Amino acid sequence: MADIPNLPLFDEVAASLREKRRYQKELSEQEVAQIMESVVRSLLAGQAKIKAVVPKPTVHIEHEVGTVSGNVRVEAPIKATITVDCALENDVVPQHLKLIGSTIKEDAPLPAKLALKALNLKQRVSEKLADPNQALGAALARQLQSRGVRLTDTGLHFHERMLIIDLKGEPMSTSR
């Protein structure tokens, strides 16, 4: 599987959290797509047996609703394509997004469908999508940890055609 992309945005976030312990920014659809790609790659990173290609997803934000459409092409140990479409909106809880709809489709020959069922990928993806803040926060935390920063809070909300992120964190202790 391809490595998790090293995005300049993550370096920018890490520097801000080290210096100010906070990072706020309005993200464009393209920047959100890069982060979502990183989320999917990080979910797969723990699956040593799965080899997959993760094209950058399509993200559209309008009227404070975000839609994400993408797929994962599994190449080994089976051949399959998993397509995910989801819609997110602002939750009543401030700085939280909520899932308002998702569709997950698995396209594979019968033997591969049985393997997918055994891997329970569809269920695992559904569980991750159920809490978008947690999924995005975990992916960001992994990226920031490798840069010496611990993420302590993830705030996300849509404003018009942008995703506003409000992150809090601190430098990791060097005494570990």
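Predicted model: local features only at pLDDT ≥ 70, side-chain atom pairs only at ≥ 80, totals over all residues.
**Exercise 1. Find what the side chain of glutamate 31 reaches, and which residues beyond four places in sequence are in contact with glutamate 31.**

Solution. First follow the side chain: it comes to 2.9 Å from the backbone nitrogen of serine 28. Then set aside the neighbours within four places in sequence; Lys25 and Glu26 remain as contacts of glutamate 31.

**Exercise 2. Look at two residues with positive phi, arginine 21 and glutamate 64, and state where each lies and how exposed each is.**

Solution. Take arginine 21 to begin with: its phi is about 65 degrees, though it is not a glycine. Arginine 21 sits in the loop between α1 (8-20) and β1 (22-27), and a relative accessible area of 46% makes it partly exposed. Now turn to glutamate 64, whose phi is positive, near 60 degrees. Glutamate 64 is located in the loop between β3 and β4; with 33% relative accessibility, glutamate 64 is partly exposed.

**Exercise 3. Identify the kind of peptide bond between alanine 76 and proline 77, and locate proline 77.**

Solution. Check omega: at about 10 degrees, the bond joining alanine 76 and proline 77 is cis. Proline 77 itself is in the loop between β4 (65-76) and β5 (80-90).

Conventions. Residues numbered from 1 in each chain as written. Heavy atoms only, no water. Polar contact = N/O pair within 3.5 Å; in protein donor to acceptor, adjacent residues only side chain to side chain. Contact = heavy atoms within 4.5 Å. Helix = DSSP H or I, 4+ residues; strand = E, 2+ residues; numbered from the N terminus. Buried < 20%, exposed > 50% of the residue type's maximum accessible area, 1.4 Å probe, protein only.
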